[in-house]
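Hi,

Here is the structure I promised to pass on.

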Amino acid sequence: MTQLISERELPSAAAEPRTDAGGDIVKMSARGVNVYYGDVHAIQDVSLEISKDEVTALIGPSGCGKSTLLRCFNRMNDDIVGCRVTGDIRLDGEPIADSEMDVVELRARVGMVFQKPYPFPKSIVENVAYGQRIHGLAKKGAELDAVVENSLRGAGLWDEVRDRLDSPANSLSGGQQQRLCIARALAVNPEVILMDEPCSALDPIATAKVEELIDELRGEYAIAIVTHNLQQAARVSQKTAFFHMGELIEFGSTSEIFTNPKIQKTNDYITGRYG
Amino acid sequence: MRNCAMVDPKSHWQSQRFKSRLRRRNRFERQFRYLGIAAIALAGLSLSVLLVSVLANGLGATYRTEIALDIEFDPEILGIEVPGAGETAEITASADFRAVLRTSLMQRFPDAEGRSEVRELVALLSRGAAAELADRLVEDPALLGQRIEAWIPASDDVNFWLKSEAGDSGSNSRLSERQVAWIEALAADDRVARRFNGRFFSSGDSREPELAGIGGALIGSALTLLVTLAVSFPLGVAAAVYLEEFAPDNRWTRQLEININNLAAVPSIVFGLLGLAVFLGLFGMPRSAPVVGGLTLALMTLPVIIIASRASIAAVPFWIRESARGLGASPVQVVAHQVLPIAMPGIVTGTLLGLARAMGETAPLLMIGMVAFIVDVPTNFTDAASALPVQIFLWADSPERGFVEKVSGAILVLLALLGILNGAAILLRQKFEQHW
């Protein structure tokens, strides 16, 4: 197993922006992460970095642990009974472990978009405003309206829903619902957005829109995306990590992974031998 | 070339054997459907027989036989002092309204002579007639000294004689020939009639069927159920939320779950015993009070609400929680903002069904003394009170024939209330339901 990340010491505090081997600013880092579901060793000693201004794609066959690792970055695995995570994960150099950072703060800073578009069974505006509400940010009125509009604009949904903000979110199409979920995550004003197969339930046109959106969000947010779709990974990401059986096989720039993989297993996967 | 060419498919599907088997299968399908229809029809038939029989008996409870008499509120006979100008008469407890009734009857039937005949004459009227007359004078003291025509409740025996007269006149009537002659004379004058019995809905229990009402039992049931709801709903939902959302999954919580399920199946009289021992014995709360009844029924309803609420909460899709948590909602926020609103229709339905069951419950109330003969309509949670099913039980146990229709009438009211509760459950369910 080879890891293409530098083996240098991590700084103890968030003094200055750290960079990875390629010179990109690191937003989140995972070092020596292991995840256990009961007796199952789901993730084995994985180290990975999410760059600030890039999209990092996590690819690999089903059950390889890519979603599990993604969920480590905002500690969604905490809520799963019998799941145990070890290792060092940092956000801007600060450890995010339970003893170090409040999970509410972490999830406000590291938002998540899930596999299926699951808006809350409420109106469109309430869906977007929910994050603001729980964190007690914007109260009501113009301030909240502005946040809702900005988030919906950010998710490229504003023009489609501006006339029916109070209609139920489930009246939207599947692709619109997923962009609403992205708007919902944007409304909390996160620094990182984790996307867990955001397009797997969408048709090709809706998928294209979401991919376009991901491209627009790049730079503003650090983005990590899990995907089954290799072409999608190639289209939207700048860094790609290939997982197999709970191990990180290869991690590097997307162009390199897809055109000139260093490991045979990676080559087999991207050329369609298995997966 | 097919691999499975054991039988040539074409000849197989067209063979006689296959066709007869197909016919058998279709016949079975048909018979199964008929069986289902028959079962539903049987259930519907039994229900309609029950309803019709209860209705036939019970509607009679809302009517009673009354006799129109010329009543003179004679101060002399009553023994009430005539008030001076501007004063109102003081109607004392010793005022003799029976004498007024007796006088009126004797004026109508001067042929009644001697103590026993007069007693028979007075026996045409209900024993509560004097009290109703007194109420009327208290309401309107200006009637003192006036002469009015008033409808006076007849006795239960008269009521039954009139009812059975249509069928066979030689029935085992409890009226004497003289009494029958009097009634017939009154009836010939159009002075006997079955009139709407408002008392049935407003007054408390009585020894006399024509005076007994379900008012007290209704209020008692309402007060009891209010206590039950106020105690069991918040406790039950809180317990369900904790068990479903927060409790660790270990040996203890699993044990707890089994016990709650078992509690829902415990015979209700056991909860009555518990209420007797704890609320009356340990805390010394008042006997027969709606607050105790309500608490006892709350014990009984709690497991039902917990189970219904847990099922409803567990049915909330996992991703709702996941999405909310992903935005940084705390566990309590997830429950309060997302899970409970979605689970509410199920919780409300379960609660109302639990309450409906509690409302029809008799046994636990027997244990804590709500089975008493209570004449007064309760006004607060600690007054002695009865409840509808207990009242039905009490009346069903009474020897007077008049109570038979009271029982049916009370059952009708109970059924109507249950129907309203279930209807409310459906309405609330629709109101709270969120679609996605």
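This is a predicted model: local features need pLDDT of at least 70, side-chain atom pairs count only at pLDDT 80 or more; totals for chains, interfaces and linings use all residues.

Residues are numbered from 1 along each chain as its sequence is written, and chains are lettered from A and ligands numbered from 1 in the order in which they are written.

Start with chain A. Its open sheet has 6 strands in the order β6-β7-β8-β3-β9-β10, with mixed pairing (strands are DSSP runs of E, at least two residues, and helices runs of H or I, at least four, both numbered from the N terminus; strands pair if DSSP finds at least two bridges between them). β6 (110–113) and β10 (247–253) of chain A each have a single partner strand, so one side of each has no neighbour in the sheet. β9 (residues 239–244) of chain A runs antiparallel to β10(A), joined by 6 bridges. One of the pairs there is A:K239 with A:S253 in β10(A).

Now chain B. The axes (lines fitted to C-alpha atoms, for helices over the stretch in contact, with angles from 0 to 180 degrees between N-to-C directions) of α13 (residues 290–314) and α15 (residues 331–359) of chain B come within 8 Å and cross at roughly 150°. So α13(B) is roughly antiparallel to α15(B) (the label for angles over 145 degrees). Residues in contact (C-beta atoms, placed from the backbone, within 7 Å) include B:L297 and B:M300 in α13(B), and B:V339 and B:A343 in α15(B).

Cheers

How values were computed
Angles under 35 degrees count as roughly parallel, over 145 as roughly antiparallel, 65 to 115 as roughly perpendicular and the rest as oblique. Two residues are in contact if their C-beta atoms, placed from the backbone, lie within 7 Å.
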